[in-house]
Amino acid sequence: MANREVTCTVNGKQRTFLIDVRSSLSDMLRGNAGLDSIKHGCDVGECGACTVLIDGRPFNSCIYLAIWAEGKTILTLEGLSDVKGAISDIQQAFIDEGAVQCGICTPGFIMASIPIIEAEKPASREEIRRQIAGNLCRCTGYENIVTAIEKTQKKRIAEKQGR
Ligand code: FES
Ligand code: FES
């Protein structure tokens, strides 16, 4: 089967990968780029464990062909840390709220939450639940996950308002 080069921006750096044209974006990011936060859960777009941001929007990378990433901007969990490697506020909130157990679902939940915590307007718990509905967790239960997202969102809005 044919190989092709794909050039895209991954976590702020332009990268070129030589990939089998049948590869999924999750295969490229985990296999070629070595980004272990990308989890292979169901591999059919049902669980959200492989969620990354593509041009700012969450996608299940297991059902997104790697060749479609040409020219796109990809953000994964690894891209949330600061230059010194310190984890982001949303990652810390997941720890603080006990929203992590086995951790398989966690990177996907965190990436799905980025548009929520970066929004100008606060989302209700109901709205948060709706926006993360494509992500499944088998161990933690969703209350703590929603609380972690809600707290980070409120913190970010307060920071923007200088409070
Ligand atoms: S591994 Fe991609 S949605 Fe489940
Ligand atoms: S923490 Fe185990 S699946 Fe969510």
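**Figure 1. Pairing of strands S3 and S4 in the predicted model.** Asn-60 of S4 is the bridge partner of Thr-51, and Pro-58 of S4 is that of Leu-53. S3 and S4 run antiparallel and are joined by four bridges; strands are DSSP runs of E with at least two residues, helices are DSSP runs of H or I with at least four residues, and both are numbered from the N terminus. Two strands are taken to pair if DSSP finds at least two bridges between them. The hairpin of S3 and S4 has two residues between the strands, and in it Asp-55 adopts a positive phi near 50°. The model is predicted: local features need pLDDT of at least 70, side-chain atom pairs count only at pLDDT 80 or more, and totals for chains, interfaces and linings use all residues. Residues are numbered from 1 along each chain as its sequence is written, while chains are lettered from A and ligands numbered from 1 in the order in which they are written.

**Figure 2. Pairing of strands S3 and S5.** Strand S3 (residues 51-54) and strand S5 (residues 73-75) run antiparallel and are joined by two bridges. Ile-54 stands opposite Ile-74 of S5, and Leu-53 stands opposite Leu-75 of S5. Leu-53 also has Pro-58 of S4 as a bridge partner. In a regular strand, side chains alternate between the two faces of the sheet.

**Figure 3. The hairpin of strands S1 and S2.** Strand S1 (residues 3-10) pairs with strand S2 (residues 13-20) in the antiparallel sense, over eight bridges. Opposite Glu-5 stands Leu-18 of S2. Two residues lie between the strands of this hairpin, and Asn-11 has a positive phi near 50° there.

Figure 4. Five strands form an open sheet in the order S2-S1-S5-S3-S4, with mixed pairing. S2 and strand S4 (57-60) are the edge strands, each pairing on one side only. From one strand to the next the twist averages 45°; angles run from 0 to 180 degrees between N-to-C directions, and axes are lines fitted to C-alpha atoms, for helices over the stretch in contact. Helix H1 (residues 25-32) lies across S1, S2 and S3 and runs at about 110° to S2. H3 lies across S3 and S4, at about 35° to S3. Two residues count as in contact if their C-beta atoms, placed from the backbone, lie within 7 Å.

**Figure 5. Packing of helices H2 and H5.** The axes of helix H2 (residues 89-96) and helix H5 (residues 142-160) come within 9 Å and cross at roughly 140°. H2 and H5 are therefore oblique to each other; angles under 35 degrees count as roughly parallel, over 145 as roughly antiparallel, 65 to 115 as roughly perpendicular and the rest as oblique. H2 passes H5 in a right-handed crossing; a crossing is right-handed if the near helix is turned clockwise from the far one by less than a right angle, and left-handed if anticlockwise. Asp-89, Ile-90, Ala-93 and Phe-94 of H2 make the contact with Ala-148, Lys-151, Thr-152 and Lys-155 of H5. The residues of this contact comprise four nonpolar, one polar and three charged. Ala, Val, Leu, Ile, Met, Phe, Trp, Tyr, Cys and Pro count as nonpolar, Asp, Glu, Lys and Arg as charged, and the others, Gly among them, as polar.

**Figure 6. Packing of helices H3 and H5.** Helix H3 (residues 106-117) packs with H5 at an angle of about 35°, their axes 10 Å apart. H3 and H5 cross in the right-handed sense. From H3, Phe-109, Ser-113, Ile-116 and Ile-117 make the contact, and from H5, Ile-145, Ile-149, Thr-152, Gln-153 and Arg-156. By class, this contact of H3 with H5 has five nonpolar, three polar and one charged residues.

**Figure 7. Packing of helices H2 and H3.** H2 and H3 pack at about 125°, and their axes are 10 Å apart. This angle makes H2 oblique to H3. The crossing in which H2 passes H3 is right-handed. Ile-90, Gln-91 and Phe-94 of H2 make the contact with Thr-106, Ile-110, Ser-113 and Ile-117 of H3. The contact of H2 with H3 has four nonpolar, three polar and no charged residues.
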